[in-house]
Each structure stands twice: as structure tokens, then as C-alpha cells.
Amino acid sequence: MVSRARWRQSWAPQPLTPLMEGPGPEMQEEGTKKESSWEVIREWFRTQKISPGAGSFSQSSSFYGTIHAKTQDLRLLLGVLGCPLAPIPSAHDPSLSIHIKDTPFETSTAKYIIQQYLAATGCLKQQKDTKNMYATGMVKMICCETEISSGKNVKCLGTRSSENGCFVLWQMLPGMWSLELVVGDHKVVAGSNGKTVWRHTPWLGTHAAKGPQRPLRRIIQGLDPKSTASLFTNAQCLGENRIGSVDCFVLKVSADRAAVIERSEGPAEVIRHILYGYFCQKSGLLIYLEDSHLTRVPTQDNDTVYWETTIGSSIGDYRDVDGVMIAHQGRSIATVFRFGELSMQHSRTRMEEVWTIDDVMFNVPGLSMDHFIPPADIFDNISSP
């Protein structure tokens, strides 16, 4: 039973400092052109040029160049770690019954592990259905470190600077959610009405995600065990592995070929997207989540460049919230690896996010489908060629 004091504390809106909703003065020229989400990543790598002599950022020679570089860093951080989606849609009515006959051993084992996970989180004995959820949290995003290799020469660029932020998350089943994330002087807003997933950033504007409707990754990394379980409904068990000193069962799900083709955007072609879940053998809880997707982009030089983005999240500090075990902290490490078919040069960028959950509440009174209506310009963008 949620106390009245806790209800007032979690529901009351918290004042936020004014945000720069458009590009800064040094970014006005860039802000006038439309970019797709993968172009933000490509643009970031384009700015990381090495000076002929010093081996440092070419833009770090002036104060305004430093501001520009930091802005590009934060854009990349928010583009990769702000609101990534899971590889596949969730099964809103998951069938986790185990049938031995005519069922591959890897699939039936995975279903058994997911049932143990639901039991460990308390979802199996939950007396009332969860219709919606509210969560607030804090994030600390650590900017990029880049390693550029060209043959035998390797250059390391960047310094570890960080930005603090916070987020508010709402979810209503099936498939509706809304996220507001503020980091530094940037704000990212994303949402889903169960059919269309959309995102708004100051540098991209509002756009819809291509492909099937998929859940927000931030929800399945310990915030909503039932959504996590539904994502692994048709998973395969790959066996056992260790995360640190913890023995885990490893489950794998991947997007099918038709789904990744549908997600391709312009010349950028998504090749694959795979998700791995590591479930502790002792506690049954999810303690590590890793997903990796590969994108192929042709260049003007008749070369093909591949972008492989991997996000690994350690999940912990499980606490009881109304009878359900919810993860209250974690750490995500993302790596963007760029390599070409013809060029010997490749680069690897590493970034981090540390997150904590301040408050979680289920079955919030008054929350309706009207809270998840997409912006009007989403439909204009979808209908435009």
C-alpha cells in the first residue's frame, strides 16, 4: 500500500532549469539542415580529425572549438545511450509454458529460466495486474574516449569528462511509454503510443523510429520484469557464462531479417541486432544485458563503412517495490566501432552511463492513453516522401 506522503512526493512535478531547446550559437549553421540519427554519429567521427603534428583534436585550438567538440560529444552520448530501443517487439501476452515435445532444448531451457526469473522478481505471486508504471532517476554520462588505428599507428583522443542529468519515465501496457531525459543543457523526449515510436532532440527535431514497434531499453534493464520476460519469450539458451564472479545462464534473442531491413534508413542498412541476457544462477535475477547492432553505409568513394554499436549494462541493487524486485542502479558501457572494407583505418569510441532509480510506482491513478499521444509533426514526417 503506497502511503499518501510517498504519493505526494513522487507525483509533485520537480522544477527544472531552463533548457536550450535549439542549437547553440556555434551550431546555427548545422541546425538548419535535416539529419538522420545515424548521421549524428557519422558527423561526430568526422569532427575527430587528427592534427598533423600534435595528435590532438583539430577543433581544440580555440575556446569555441572546444565548446563545439563538447557539444558533439554530448550529442553522441545522447544519441547512443539516451533512449535506445530493444532489438525486437515484446510479446504483450507471453506464452512461457514449457512443452518438451517438438521443442528445441535451447528454447525450452530458456523458458524455464524466464519462469525462474519471474518467480525471483515476485511477478508470479503478484496478486493484481500492473497496468502502468512511473519511475524517476538520475544519470551520469561520461564522454567519449576514441582510439583511431591506421595500420601500425594508433592514436588515442579525448578526455573523460562527465555530465549529470535526470529522467522521468511513464509506461502503460501494452506498449505505451514516455521518457523525458535532461543531461547538461540538452533534453531528449521519446515515446510510444503502442504503434509508433518517436523521439525529439534539439539537433534532429522530431522523427519516428522505423521498423516494428519496440520497447525502450531503459525499461527492460530491471525496471519492469514482465516486459523483460516477454522480450525473451522465444529466446535460446546459449549455456553458461560468468559475469565477474557470478555464474549466469545466457539467453539470446535477435531480430529477424525482415525486421532489420524495415529499420534501414536511407543509405544506411541495418544488418543485424542481437540481445543477450545474463541471469544469475543463484538468485534468478537479470544482472547483465548486452545488445549489439551492425549497420552498413556506402560512401562516396565506393567504399562501405560498417558501424557496430554494442551496449553492455550491469544491473543491480534490487529492492522490493509493492512486492516486485526492481533494479535501482546500473552502469552501461557503449562502444561504437567503425571500420571499412577497403580502408585499413578503423576507430573505436567508448562512452559510459551510470544510472540510479529514485522512485518507482505502479498503477498510478489518472494515467490514461492521452498521455502517450505523439506530437502532430510525427504524422507529417511519416506521410512526407
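Which residue lies over the face of Phe167? In this predicted model, that position is taken by Arg218, at 5.1 Å from the ring centre. A second contact of this kind involves Arg348, whose charged end sits over the ring of Phe337, 4.3 Å from its centre.

Aromatic rings also meet one another. A pair of aromatic rings is described by the distance of the centres and the angle of the planes. The structure holds six aromatic pairs. One of them joins Tyr134 and Trp170, with 4.6 Å from centre to centre and 45° between the planes, a tilted arrangement. This pair connects distant parts of the chain, since Tyr134 belongs to strand β1 (residues 132–150) and Trp170 to strand β3 (residues 162–172), 36 residues apart. Tyr134 has a relative accessible area of 8%, and because this value is under 20%, the residue counts as buried.

Another pair is formed by Phe232 and Phe279. The ring centres of Phe232 and Phe279 are 5.7 Å apart and their planes stand at 85°; the pair is therefore edge-to-face, as an angle over 60 degrees requires. Here too, distant parts of the chain are linked: Phe232 lies in the loop between α7 (225–231) and β8 (236–243), whereas Phe279 is in strand β10 (residues 269–280), 47 residues apart. Both Phe232 and Phe279 are buried.

Conventions:
Residues are numbered from 1 along each chain as its sequence is written. This is a predicted model: local features need pLDDT of at least 70, side-chain atom pairs count only at pLDDT 80 or more; totals for chains, interfaces and linings use all residues. Side-chain values use heavy atoms; hydrogens and water are left out. Rings of Phe, Tyr and Trp (its six-membered ring) pair if their centres lie within 6.5 Å; planes under 30 degrees apart count as stacked, over 60 as edge-to-face and the rest as tilted. Helices (H or I, at least four residues) and strands (E, at least two) are DSSP runs, numbered from the N terminus. Buried means under 20% relative accessible area, exposed over 50%, partly exposed in between (1.4 Å probe, protein chains only). A charge sits over a ring if NZ of Lys or CZ of Arg is within 6 Å of the ring centre and within 35 degrees of the ring normal.
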